[in-house]
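Thanks, everyone. Let me put the model up, and then I'll walk through it chain by chain.

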Amino acid sequence: MTFRKYLVLAGVAVFAAVGDCLLSLGMKQVGSISLHRLPEIVLTVLNPTVALGILLLLGFFACYMTALSWADLTYVLPATSVSYILITLIARFFLHETVSLGRWLGVALISIGVGFVTLGPALTPHPRQVESNDALAVQLSSGAEP
Amino acid sequence: MKSIYEWGAVAAIVLTSTAGDVLLSRAMKQVGDVGQLRRRSGLLAVVGRVLRNPNFPLGILAMAVAFYSLLFGLSWGDVSLIVPASTSLTFVTNALAAKIFLHERVDQRRWVAALLVAGGVVLLAA
């Protein structure tokens, strides 16, 4: 794991959290849409807050796909659940919502879970990769012989 | 009666979003390290390779079904049951599915992490 890879994982969490918050904020500005006027939902993208939220969620998706290209699903999902912690912090300090003791306990559990998984390896070595490593080892060992 | 529908929606969301995550993860493992690929052949090549992978559209389709199941579920049932139940169960089913279908080494550390996050999500929504 390089610094750049941790940066991508942070991108997954930050883009997801801020994107969701912006969407929520924007949809409250737009107001509720009734079922028989559903086509109006297309026009909600004209709201700048909603548009920015969608842009950030596209960034989230790009980072998520990038992370999955070099890390296990069971590593990426817990590691990026930092986004739930961020959403709670945003709700508490920017949206001034009250956060109950139970929710702080939830934040604590997620933090421990994130710590747990990120201390371990990010990727399971699979046969194809192991084979290429073995081939490399054979080359190296044969090269070492006179 | 209502709770049967609610749990049905939860089951549909959990199954389809797990399928989506597994398919997308498989697609990206087949594509390979995106960072290295981009340095070698550029961003367009990366995008082309991702879009050409058959698992990628299947994964997106599964994610879309999961999203619409969530919308339907929310129109019948309580958000305070459906969202935390489906989100936290998905962490557990993803660990199982990754072990079975992606042959990831889900060791004790990863199980504990998945269960802690699942528990934390339930508490956050409570």
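Chain B has 6 helices and 0 strands. Along the sequence, the pattern of chain B reads α-α-α-α-α-α. Helices here are DSSP runs of H or I with at least four residues, strands are runs of E with at least two, and both are numbered from the N terminus.

Some housekeeping. This is a predicted model, where local features need pLDDT of at least 70 and side-chain atom pairs count only at pLDDT 80 or more, while totals for chains, interfaces and linings use all residues. Residues are numbered from 1 along each chain as its sequence is written, and chains are lettered from A and ligands numbered from 1 in the order in which they are written.

Back to chain B. Its C-alpha atoms fill a box of roughly 55 × 35 × 25 Å along the principal axes. Of the 126 residues in chain B, 42% are buried. Buried means 20 or more other C-beta atoms within 10 Å of the residue's own; exposed means 12 or fewer; partly exposed lies in between, with C-beta atoms placed from the backbone. Take contacts in chain B between residues at least 6 apart in sequence: 79% of them join residues at least 24 apart. A contact means two C-beta atoms, placed from the backbone, within 7 Å.

One residue as an example. B:Leu37 sits in helix α2 (residues 34-41) of chain B. B:Leu37 counts as partly exposed because it has 17 C-beta neighbours inside 10 Å. Beyond four places in sequence, B:Leu37 contacts B:Gly32, B:Ala45 and B:Val46. B:Ile4 is 33 residues from B:Leu37 along the chain, and their C-alpha atoms are 47 Å apart.

Now helix packing. How do α5(B) and α6(B) pack? Their angle is about 175°, and their axes are 9 Å apart. Therefore α5(B) is roughly antiparallel to α6(B). The axes are lines fitted to C-alpha atoms, for helices over the stretch in contact, with angles from 0 to 180 degrees between N-to-C directions. Under 35 degrees is roughly parallel, over 145 roughly antiparallel, 65 to 115 roughly perpendicular, and the rest oblique. Residues in this contact include B:Phe91 of α5(B) and B:Trp111 of α6(B). By class, the contact of α5(B) with α6(B) has 12 nonpolar, 3 polar and 1 charged residues. Nonpolar covers Ala, Val, Leu, Ile, Met, Phe, Trp, Tyr, Cys and Pro; charged covers Asp, Glu, Lys and Arg; the others, Gly among them, are polar.

Chain A next. Helix α5 (residues 82-93) and helix α6 (residues 101-118) of chain A have axes that come within 9 Å and cross at roughly 150°. So α5(A) is roughly antiparallel to α6(A). In α5(A), A:Val82, A:Tyr84, A:Ile85 and A:Thr88 meet A:Arg103, A:Val107, A:Ile110, A:Ser111 and A:Val114 in α6(A). That contact of α5(A) with α6(A) has 6 nonpolar, 2 polar and 1 charged residues.

Then the interface. 32 residues of chain B contact 27 residues of chain A. On the chain B side, α1 (2-31), α5 (79-101) and α6 (108-125) each give two or more residues. α6(B) gives the most, with 12 residues. By class, the chain B side has 20 nonpolar, 6 polar and 6 charged residues.

Last, confidence. Chain A averages a pLDDT of 84, and 86% of its residues score at least 70. pLDDT is the predictor's confidence in each residue, from 0 to 100. Which elements of chain A have the lowest and highest mean pLDDT? Helix α7 (residues 127-144) has the lowest, 50, and helix α3 (residues 48-70) the highest, 95. Over residues 135-139 of chain A, pLDDT stays under 50, and the model has 0 contacts there beyond four places in sequence. Where pLDDT is low, the predicted coordinates should not be read in detail.
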